[in-house]
Amino acid sequence: MMITLGWSDEGKQIRKSLGYFETMDKATIALAAYNENPYDITGGKATFSDVFEKWSEQKFPTISESNINGIKAAYKRCTFLYQKRFKDIGVDDLQYVIDTSDCNYPTLKKIKSLLSQLYGYAVPRKLTDRDYSEAINIEKFRDKNPNKHNRSAFTADQIAKVKSLDSTDIARTVLMLIYSGMRIGEFLNLKKEDCHLEERYIDVVSAKTDNGIRKVPIADKTLAYWQYFFDKSDSEYLVSMDGRDFSKDKGYTAYKDTYWFPFMEMLEFGKRDIHETRHTCSTMLHEAEIYPAKIARILGHTGKTIAENVYTHLDIQELIEAINRI
């Protein structure tokens, strides 16, 4: 059974075999099914990487850069599958990726989510027969977290030590993180257009969760740092150091390895986790006896209702007053 895929520049039909069938009735049924829902008949040759590329072409324009980076990180854990034909990949192959990844449970969830989305793309397009991602077992790794850090807040003395070096860009960024509670990804991907310095707040317009989309108050003691980066940046992104911003792929790694860890080592703080800045902000807000709902708004924690996500001018002023108490 032959079908027409299109026409050449010379006006000739470009034809391809739909397959071979035992009877004309079966061939007619197959042709009718194809005409009702056309699919890529060469899909049987598509590799895992081919499917990822096609899927990402549709997916990436609809999501934030930080989410794209997260997906790319999960994809890099799947090298075992790259050159396998997607239709030939089975449950054991998928489970092997999970079992040998040496990743913590949250990362495994991201890998499984990626695989699920790829199957959601591939199955309707006849690139494979069924969704095998449903059978992946990550629950046995629920308590496994090889990258887990015992996070602790920076002490007042440590913060003062950082403050004594605030003529440097790295010290400024550390203090901005501590006194805003922003996630490092939110901070490094922040655009200048979302910085409302006169009104003393930041718009986080892209986050991992709906609750993460919020307005973050700027503490008086760090306003000059925000203004400094705003004025010196030559790109659309706020944070730049040594003529580079950190919005591109591996930007977080560049900031961490080039600036954060050397700075922590110089201060003799040890190999502190960047996320401890956020933990420090949370700790100081609680110690200042800020109302929990306000802390949740500042940090973008879960638990807010839809009504609570609607901000007024009064709300922003209250959040500014709260952050200025730490």
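Three strands form an open sheet in the order β3-β4-β5, with antiparallel pairing. Strands here are DSSP runs of E, at least two residues long, and helices are runs of H or I, at least four residues long, numbered from the N terminus. Two strands pair if DSSP finds at least two bridges between them. β3 (195–196) and β5 (214–217) stand at the edges, each with a single partner strand, so one side of each has no neighbour in the sheet. β3 and β4 (residues 201–204) run antiparallel and are joined by 2 bridges. H196 stands opposite Y201 in β4.

This is a predicted model: local features need pLDDT of at least 70, side-chain atom pairs count only at pLDDT 80 or more, and totals for chains, interfaces and linings use all residues. Residues are numbered from 1 along each chain as its sequence is written, and side-chain values use heavy atoms, with hydrogens and water left out.

**Confidence**

pLDDT is the predictor's confidence in each residue, from 0 to 100. The protein has a mean pLDDT of 84, and 78% of its residues reach 70 or more. Contact means heavy atoms within 4.5 Å. Where pLDDT is low, the predicted coordinates should not be read in detail.

**Helix packing**

Axes are lines fitted to C-alpha atoms, for helices over the stretch in contact, and angles run from 0 to 180 degrees between N-to-C directions.

| Helix pair | Axis separation | Angle |
|---|---|---|
| α2 (residues 48–59) and α5 (residues 105–122) | within 10 Å | roughly 90° |
| α7 and α9 (residues 223–232) | 10 Å | about 125° |
| α11 (residues 276–287) and α12 (residues 292–299) | within 10 Å | roughly 160° |

Angles under 35 degrees count as roughly parallel, over 145 as roughly antiparallel, 65 to 115 as roughly perpendicular, and the rest as oblique.

α2 and α5 are therefore roughly perpendicular to each other. In α2, the residues F48, V51, F52, K54, W55, Q58 and K59 meet L114, L115, Q117, L118, Y121 and A122 in α5. This contact divides into 9 nonpolar, 2 polar and 2 charged residues. Ala, Val, Leu, Ile, Met, Phe, Trp, Tyr, Cys and Pro count as nonpolar, Asp, Glu, Lys and Arg as charged, and the others, Gly among them, as polar.

α7 and α9 are oblique to each other. α7 passes α9 in a left-handed crossing. A crossing is left-handed if the near helix is turned anticlockwise from the far one by less than a right angle, and right-handed if clockwise. D169, R172, T173, L175 and M176 in α7 meet Y225, W226, Y228, F229 and K232 in α9. The residues of this contact are 6 nonpolar, 1 polar and 3 charged.

α11 and α12 cross at roughly 160°. That makes α11 roughly antiparallel to α12. Their crossing is right-handed. R278, C281, S282, L285 and H286 of α11 make the contact with I295, I298 and L299 of α12. Here the division is 5 nonpolar, 2 polar and 1 charged.

**Around D245**

D245 lies in strand β7 (residues 244–245). Leaving aside neighbours within four places in sequence, D245 is in contact with S235, Y237, V239 and S240. The C-alpha atoms of D245 and Y255 are separated by 9.1 Å, and the two residues are 10 apart along the chain.
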